[in-house]
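Work through the following exercises with the sequence and the model open side by side. Each task is followed by a solution in steps.

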Amino acid sequence: MRHVWVNGVLAGESEAVVSVFDHGLTVGDGVFETVKVLEGVPFALERHLERLVVSARGLGLPEPDIDAVRDAIRHTLAAQPDRDEDLRLRITYTGGVAPLGSDRGGADPTLVVAAAALPRRGPTAAVVTVPWPRNERGALAGLKTTSYAENVVALGYATTRGGDEALCADTTGRLCEGTGSNVVLEVDGRLVTPTLVTGCLAGVTRALVIEWCDVVEADVPLAALQATTEMFLTSTTRDVQPVHAVDGRQLDAPGPLTGAAMRSFAAAMARNR
Ligand SMILES: Cc1ncc(COP(=O)(O)O)c(C=O)c1O
């Protein structure tokens, strides 16, 4: 049985409990991280922990005790049934028990660390653009919060249209990101990814792709998707995933620039594990 860490206690996943008054549950007042664990070793953990702190600060939650989070991760991984299984580790940090409204209570935050099998992604993905913008000026812009219902709706829209991921623009019409991924596309022969000004998440994989591959930050209109010759998604659970269709238009997947990025990413990742 898998074990889950809840506020300092490890419990079997069917016994682990969080209060029904937890502000993460009642109003989505929480932040989270998804970390890839390969052969028992978390990948890019420091970057994820830094982003957890940034997200918590952005929500005005008490600063997470990162040593306590590290400890929780260590205990949770040690309690998994198969130490060699590749995992998706989820760290969730919420406002804790609170009144049934938007106001926070004075309770301590809730920390949950859980693990599940790393999802198997297809070798390529189809993406569908959605009619709802990401609000780059909103209070939650760029934060990894548990208020993800907009992403749930967007992904549902894409999957009912044959997509594996949804892509959105920001409120000014610039290409932004996916529901659980950043996007990289060919523009004038170069690979570009939207800047953080669009309100996209500062993806850990996005940052690594900028560092390790020939990818630059630039903002482009959503319509650039109609002209691009190739593109890919980046995320912790996808790494670099070529896109074979955008709104039903077929693309070379991987195209030559994407193929080169995949090779550079894989080589650098092997060196940095
Ligand atoms: C909205 C959003 N954008 C981008 C990403 C990709 O970020 P990372 O590479 O850190 O997994 C995620 C991750 O789940 C996400 O939720």
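Predicted model: local features only at pLDDT ≥ 70, side-chain atom pairs only at ≥ 80, totals over all residues.

**Exercise 1. Salt bridges within a helix and across the chain**

Task: Where do arginine 70 and aspartate 67 lie, and which elements do arginine 104 and aspartate 29 lie between?

Solution. 
- Step 1. The model has 15 salt bridges in total.
- Step 2. One of them joins the side chains of arginine 70 and aspartate 67, at 3.7 Å from N to O. Both residues belong to helix α3 (residues 66-78) and are three residues apart, about one turn of the helix.
- Step 3. Aspartate 67 is exposed at 56% relative accessible area, while arginine 70 is partly exposed at 28%.
- Step 4. The pair is part of a salt-bridge network that links Glu46, Asp67 and Arg70.
- Step 5. Arginine 104 and aspartate 29 also meet in a salt bridge, with an N to O distance of 2.7 Å. Arginine 104 is in the loop between β5 and β6 (110-117), and aspartate 29 is in the loop between α1 (23-27) and β3; this pair links distant parts of the chain, 75 residues apart.
- Step 6. Aspartate 29 counts as buried, at 8% relative accessibility. Arginine 104 is partly exposed, with a relative accessible area of 35%.

**Exercise 2. Aromatic pairs**

Task: What is the arrangement of the rings of phenylalanine 32 and tyrosine 148, and what is that of tryptophan 132 and tyrosine 157?

Solution. 
- Step 1. The count of aromatic pairs is three. A pair of rings is described by the distance of the centres and the angle of the planes.
- Step 2. For phenylalanine 32 and tyrosine 148, the ring centres are 5.2 Å apart and the planes stand at 85 degrees. An angle over 60 degrees counts as edge-to-face, so this pair is edge-to-face.
- Step 3. Phenylalanine 32 is in strand β3 and tyrosine 148 is in the loop between β7 (125-129) and α4, so the pair ties together parts 116 residues apart in sequence.
- Step 4. Phenylalanine 32 is buried, with 5% relative accessible area; tyrosine 148 is partly exposed, with 24%.
- Step 5. Tryptophan 132 and tyrosine 157 are likewise edge-to-face, with 5.2 Å centre to centre and 80 degrees between the planes. Tryptophan 132 is in the loop between β7 and α4, and tyrosine 157 is in helix α4, so this pair ties together parts 25 residues apart in sequence.
- Step 6. Tryptophan 132 is partly exposed at 40% relative accessible area, and tyrosine 157 is partly exposed at 23%.

**Exercise 3. Charges over rings**

Task: Which ring does arginine 90 lie over, and which ring does the charged end of arginine 161 sit over?

Solution. 
- Step 1. Arginine 90 lies over the face of phenylalanine 32, 3.9 Å from the ring centre.
- Step 2. Arginine 161 has its charged end over the ring of tyrosine 157, 3.5 Å from the centre.

**Exercise 4. Pocket and cavity**

Task: What are the volumes of the largest pocket and the largest cavity, and which element gives the largest share of each lining?

Solution. 
- Step 1. The largest pocket has a volume of about 920 Å³. Its lining has 43 residues, and those closest to the centre are Lys144, Tyr148, Asn151, Thr179 and Gly180.
- Step 2. Helix α4 gives the largest share of the pocket lining, five residues. By class, the lining has 11 nonpolar, 19 polar and 13 charged residues.
- Step 3. There is one cavity of 30 Å³ or more, and the largest cavity has a volume of about 50 Å³.
- Step 4. Residues lining the largest cavity include Lys36, Phe43, His48, Leu208 and Asp239. The largest share of this lining, three residues, comes from α5.
- Step 5. The cavity lining divides into five nonpolar, three polar and two charged residues.

Notes
Residues numbered from 1 in each chain as written. Heavy atoms only, no water. 1 Å grid on protein atoms, 1.4 Å probe; cavity = no way out; pocket = protein on both sides within 12 Å on 5 of 7 lines; lining within 4 Å. Points joined across faces, edges and corners; volume = space filled by probe spheres on them. Helix = DSSP H or I, 4+ residues; strand = E, 2+ residues; numbered from the N terminus. Nonpolar A, V, L, I, M, F, W, Y, C, P; charged D, E, K, R; others polar. Phe/Tyr/Trp six-rings, centres within 6.5 Å; stacked < 30°, edge-to-face > 60°. Buried < 20%, exposed > 50% of the residue type's maximum accessible area, 1.4 Å probe, protein only. Lys NZ or Arg CZ within 6 Å of the ring centre and 35° of its normal. Salt bridge = Lys/Arg side-chain N within 4 Å of Asp/Glu carboxyl O.
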